[in-house]
Amino acid sequence: MSSSQGDGGGPSHAPPKGNTRDVFDNPIQSSATCCTPEAQVSPALDEVSPSSTSSFEMLDMESVPPPYQEVQPHWFFCRRVDDSTSWHPFSREDSDKLENASNMVRDKEEDVVVAVEGERYDVRVRERKLYAVYWDQAPAEVRRCTWFYKGDKDTRFLPYSEEFSKSLEEAYMIAVTLDEWKRKLDFPTGETVILHNPKLIMHYQPIGMQDEWVSSPSEQTRPRTVKRGVENISVEIPEGEPEKVDHLVFMVHGIGPACDLRFRSIIQCVNDFRSVSLSLLASHYKRSQQDGHVGRVEFLPVNWHSALHGDATGVDEDIQRITLPSISRLRHFTNDTLLDLFFYNSPTYCQTIVDTVASEINRLHALFKQRHPEFDGAVSVVGHSLGSLILFDLLTNQRNGSKAREGVPSGEPSSLNSDTLEQTLAKLGLQQYLGTLRAENVDMESLALCQDSDLRDLGIPLGPRKKILNYIKKKWLREDCKTAAGLLTLESVPPHVSSDGNQSSGLPEQQPLFHREPSITSAVDYEYFDVGIGQSNGGIAKGQVSIDYPQLAFYPQTFFAFGSPIGMFLTVRGLKRIDPNYSFPTCKSFYNVYHPYDPVAYRIEPMIVSDVDLEPMLIPHHKGRKRMHLELKDSLTRMSMDLKNNVLGSLRTAWQSFTRLPAAALPPVEEGETTNDTTPQDDQAAGVYSEAECSGSAEQPEQPEVEMGMLNGGRRIDYVLQEKPIESFNEYLFAIQSHLCYWESEDTALLLLKEIYDKLGVAFEQPQQ
């Protein structure tokens, strides 16, 4: 223990000694350990100073201290990740709501629930617990924080328990009121807190409570720094989220339980994406937010991996029994991640995956509408990797029209209704089950929606069940074939002109031309897809598993695919191209977003327009320009091409080629003009390569206008991100990271926001750099 002069000029005192473990090393345990013992306040000490005073700030005590003011609390929550815990502050808005609710709880017996974090979490104030609303997550501790501490090994200040803080506040109030400092608080645990002055308060621990591996006595006796009030510690209070929700987005993950290189879950990755979008809204839609035209976009994660690998399926146990014991970690990774691709191509587990995704989306949608009854915005879906393929197949098999959503396709009545239930059972020789079905109010329409489990629950034996299901299946297939054949004939027939002069095609309005009656039994209904293999079974793709696709409770506005293998899977399924007239039945916009080095991503546009070689659309940088290394690369390419073709006759003009703006930023050349007709002023301007001139262009050179089809309403589909400078050095080194980069990509998030708010008529604002 080093000796030094204290504030009163005397030698410093060593802290109390004991053999108990430091309960404050774990912020979770401190609340339980420090909530009952009462601290004993000793009189003012004339000869007390902290250990090693050279490491602490010594303030001038001659200044008159301000009068006592009650400390302003701020509410924190504890986040546990693996074996580590950390405390994070709520926004000021949420903290104020919790404080007001806490004051109400004192006068009530029942608990008060406060919605926080954009209403994604609920806090039970009396219980001091934080509960997730939309997903499964262990409850987290919540604390009303007023006093904080920081040890030598701590990177940030941690909050004391509420009871311990109360003891410190009482001692502080006495010291300020009486203007008596160097007060000593002794706790039954052997800990000691000394209030030297308003700005210097130290917490000493018994030696036995510290880390056992610390051998130096000077290290063992080093106290903690104590601070009062959140305003006196270095902590970033997050901004509160706008209450108004303009748009809802569901995000479906890909293979495996982890979504990035840090092995974080879909919940954590979506939280990051939401934070990025809030930051971009504040910077790129600042004026609209201030005017109240823009609120926020809510992103909710959709988790299907846990349902597939849960106890209900038992697939993990089955796989584990046949897994070899060698290279166990690699085999565990394969079983838990890569096998999801094979599971999706299995009829049994594909049905489980699709049912989980659809039911989870519908559940989240209903719960969101319940908590936000005023919400009247649209809904979009995002799929990453395999999740995008799941959504693609799901959206392909949706039915538009109210009748179709209830089980009867829109348009002309289904042939299943041509026979009554009694007639159908008579054909199958199953008249004895007519009473059983009628007792449950089952008609032909509801019978078509029954599955094997439903009929089994009614007490119908296996044989009759198979007859009924086979009959329904064949009826649907025949109806699909008739519809597809009829519509194939309609394709080449011009619209019919009625007697009143109005054109009509004989099809319901806003109904896809061939996608009138999707097949229940097909994994993907490709009636619009020219597979070129002479299929005659209603357009069912070759090699597809036969499952029943559930219907979503809403019509998605836009489908975004991140790092998607959709194009590869469609090709492997035997599809040669996608008909330009095809669009999803219930979703009219589709964007295929990918990183140029993503090894899992494939393009979609070449399957629609195969006779034109189109470059993908380059996603602008969120700061409003191309990345510098890409601009330099383009400039060098232009200069080398100009020199190679001998278009420019001198080094001066070659340099102008190097420094001129990208082609998309140049004004169009009028007919009859040439690029050499420039004035001296133009030559001088061409030599100045200003940042302002370049910042306005992240577009690509003009490309020929091509009809891109209706999958995205005639607009471009493939959008590529700009790689970072460090990634361009070795694309193989960053391949895996490129597939997982979308969750934290500002450029990707901004593309979503622009698509969403463009349809709401809200102008995009490029911030000044």
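Which residue with a positive phi follows H25? In this predicted model, in which local features need pLDDT of at least 70, side-chain atom pairs count only at pLDDT 80 or more, and totals for chains, interfaces and linings use all residues, that residue is Gly761, with phi near 75°. Residues are numbered from 1 along each chain as its sequence is written, and side-chain values use heavy atoms, with hydrogens and water left out.

The protein has 25 helices and 24 strands, where helices (H or I, at least four residues) and strands (E, at least two) are DSSP runs numbered from the N terminus. Of its 769 residues, 48% count as buried, a term that denotes under 20% relative accessible area, as against over 50% for exposed and the range in between for partly exposed (1.4 Å probe, protein chains only). Among contacts (heavy atoms within 4.5 Å) with a separation of 6 or more, 72% are accounted for by residues 24 or more positions apart.

Two packed helices are described by the angle between their axes and the distance between the axes. For H5 (residues 266–284) and H25 (residues 746–759), the axes come within 9 Å and cross at roughly 65°, the axes being lines fitted to C-alpha atoms over the stretch in contact and the angles running from 0 to 180 degrees between N-to-C directions. The crossing of H5 with H25 is right-handed, that is, the near helix is turned clockwise from the far one by less than a right angle. On the H5 side, Phe273, Val276, Ser277, Leu280, Leu281 and His284 take part, and these meet Glu746, Thr748, Ala749, Leu750, Leu752, Leu753 and Tyr757 of H25. The residues of this contact comprise nine nonpolar, three polar and one charged, with Ala, Val, Leu, Ile, Met, Phe, Trp, Tyr, Cys and Pro counted as nonpolar, Asp, Glu, Lys and Arg as charged, and the others, Gly among them, as polar.

H25 itself is mostly covered, ten of its 14 residues being buried, including Asp747, Leu751, Glu755 and Ile756. The end C-alpha atoms of H25 lie 20 Å apart, in agreement with the 20 Å that its 14 residues should span at 1.5 Å a residue, the expected span being 1.5 Å times one less than the number of residues.

Elsewhere, Arg183 is found in strand S10 (residues 183–186) and counts as buried because its relative accessibility is 9%. Arg183 and Leu195, twelve residues apart in sequence, are 5.1 Å apart in space, C-alpha to C-alpha. Cys145 is buried at 0% relative accessibility, and Cys269 is likewise buried, with a relative accessible area of 0%. A search of the whole structure for disulfides (pairs of cysteine sulfur atoms within 2.5 Å) finds zero.
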